[in-house]
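Colleague: Hi, could we go through this one together? I'd like to talk about helix packing and pockets.

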Amino acid sequence: MTTNIAPPTAGLVRTEDASLKSAGNASRGKRPRSDWRWALLFIFPSAVGFIAFYAWPLIRGIYLSFTSYNILQPPQWIGLQNYKDLASDGTFWNSLLVTIEYVVVNIGTQTILALVIAVIMERLTRSLFIRIALVFPWLVPNVAIGILSLFMLDRTVGIVNHALTTVHLPPQDFYQDPHWAIITVALVNTWRNVGYTALLLFAGIQLIPRGLYEAASLDGASEWALFRRITMPLLRPILALVLTVSMIGSFQIFDTVSVVYTQQPIPAAYVLYYYVYQAAFSEGRMGYASAIAVVLLIITAVLTFVQLRLLRASESDLA
């Protein structure tokens with residue numbers, strides 16, 4: 001007769017399995033620990049700042065755009081009258097066209113130069129000194145940049161006009177010439193921001209796998225083909241972010257214009273934000289200025305949405 005004798009460890013195994021099951025049941029019976037209170041605690045300071053300095057002023061500004069308000073008297077509801085006045089306001093349409101021209105020139109030159117610089121840095125050097133030198137102008141306030149550009153572009157003593165006369169070209173009055181005024185403002189701000197934009201694009205290029213370039217090079221691809229077929233498609237999400245942020249910032253151009261033109265700017269440099277400032281604080285038409293700001297908000301939001309959709313910013317070709 002054969003007798004099956006269980007090994008001495010069988011009981012221990014069954015006991016251990018039972019204890020693990022009971023522990024699992026006990027843990028499932030307990031409520032999971034939640035960190036939402038700590039999350040709210042950390043978010044609270046930023047939330048307060050957002051509500052106080054962004055959400056509430058936005059709501060207040062939209063309300064004031066439907067009123068006649070000049071600080072000295074309480075707002076009086078006038079409905080859509082401010083927006084009707086905007087439709088026939090020649091100064092508003094001129095400032096909008098000037099702002100759009102500034103955005104096109106600034107974003108176009110800034111993006112192209114930043115791409116060139118980022119690719120050159122990737123191919124030739126990754127020096128920390130060069131990266132610091134690129135970002136240094138971005139650290140300088142726009143007010144200082146405006147004052148500096150006034151001296152550099154001065155018709156009489158400016159270094160730029162001195163260089164023009166050296167090569168037998170006539171000196172230019174850049175900021176006062178209707179054909180060059182807003183282009184000059186745009187190029188000055190391009191010089192200030194192009195280094196920072198190039199660093200963002202350079203960081204995006206670093207995320208592209210090196211093996212893709214090596215494989216394409218082995219197949220005989222040229223530098224232009226590498227840039228067009230690999231760099232640009234895989235850099236698209238970063239480029240979409242850079243273009244969106246740059247566009248929003250460009251529509252808010254004010255400080256350079258206000259510093260360069262100590263009095264009222266010439267019509268060719270009369271940007272939309274300056275018109276908001278003048279209507280609100282020089283003329284006391286707070287309601288009308290709020291209506292201009294709301295229109296600018298709508299334009300920026302629509303352009304941002306269209307830009308993100310066209311560039312498919314939420315998708316990546318690396319997936």
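This is a predicted model: local features need pLDDT of at least 70, side-chain atom pairs count only at pLDDT 80 or more; totals for chains, interfaces and linings use all residues.

Colleague: Good. At what angle do H9 and H10 pack?

Modeller: About 165°, with the axes of H9 (residues 210-218) and H10 (residues 223-251) 11 Å apart. That makes H9 roughly antiparallel to H10. Helices here are DSSP runs (H or I, at least four residues), numbered from the N terminus. Axes are lines fitted to C-alpha atoms over the stretch in contact, and angles run from 0 to 180 degrees between N-to-C directions. Angles under 35 degrees count as roughly parallel, over 145 as roughly antiparallel, 65 to 115 as roughly perpendicular and the rest as oblique.

Colleague: Which residues of H9 and H10 meet?

Modeller: From H9, Leu212, Tyr213, Ala216 and Ser217 meet Leu226, Ile230, Thr231 and Leu234 of H10. Contact means heavy atoms within 4.5 Å. By class, that contact of H9 with H10 has 6 nonpolar, 2 polar and no charged residues. The classes put Ala, Val, Leu, Ile, Met, Phe, Trp, Tyr, Cys and Pro under nonpolar, Asp, Glu, Lys and Arg under charged, and the others, Gly among them, under polar.

Colleague: And H8 against H10, how do their axes cross?

Modeller: They cross at roughly 140° and come within 9 Å. That makes H8 oblique to H10. On the H8 side the contact is made by Thr197, Leu200, Leu201, Gly204 and Ile205, and on the H10 side by Thr231, Leu235, Ile238, Leu239 and Val242. The class count for H8 with H10 is 7 nonpolar, 3 polar and no charged residues.

Colleague: Now H12 and H13. How do their axes cross?

Modeller: At roughly 160°, with the axes coming within 7 Å. That makes H12 roughly antiparallel to H13. Among the residues that meet are Tyr273, Val276 and Phe281 in H12, and Met286, Ile292 and Leu296 in H13. This contact of H12 with H13 has 13 nonpolar, no polar and no charged residues.

Colleague: Switching to pockets: how much space lies in the largest pocket?

Modeller: About 730 Å³. On a 1 Å grid over the protein atoms alone, a pocket is an open set of points where a 1.4 Å probe fits, with protein on both sides within 12 Å along at least five of seven lines, and lining residues have an atom within 4 Å of a point. Grid points are joined across faces, edges and corners, and the volume is the space filled by probe spheres set on them.

Colleague: What lines the largest pocket?

Modeller: There are 24 lining residues, and Pro57, Leu58, Tyr273, Ala293 and Leu297 lie nearest its centre. H13 gives the most to this lining, with 9 residues. By class, the lining of the largest pocket has 20 nonpolar, 4 polar and no charged residues.

Colleague: How about the second largest pocket, what is its lining by class?

Modeller: That lining divides into 9 nonpolar, 10 polar and 2 charged residues. About 410 Å³ of space lies in the second largest pocket. Of its 21 lining residues, Asn193, Val245, Ser246, Gly249 and Ser250 are the closest to the centre. H4 (90-124), H8 (181-206) and H10 each supply at least two residues of this lining.

Definitions and conventions:
Residues are numbered from 1 along each chain as its sequence is written. Side-chain values use heavy atoms; hydrogens and water are left out.
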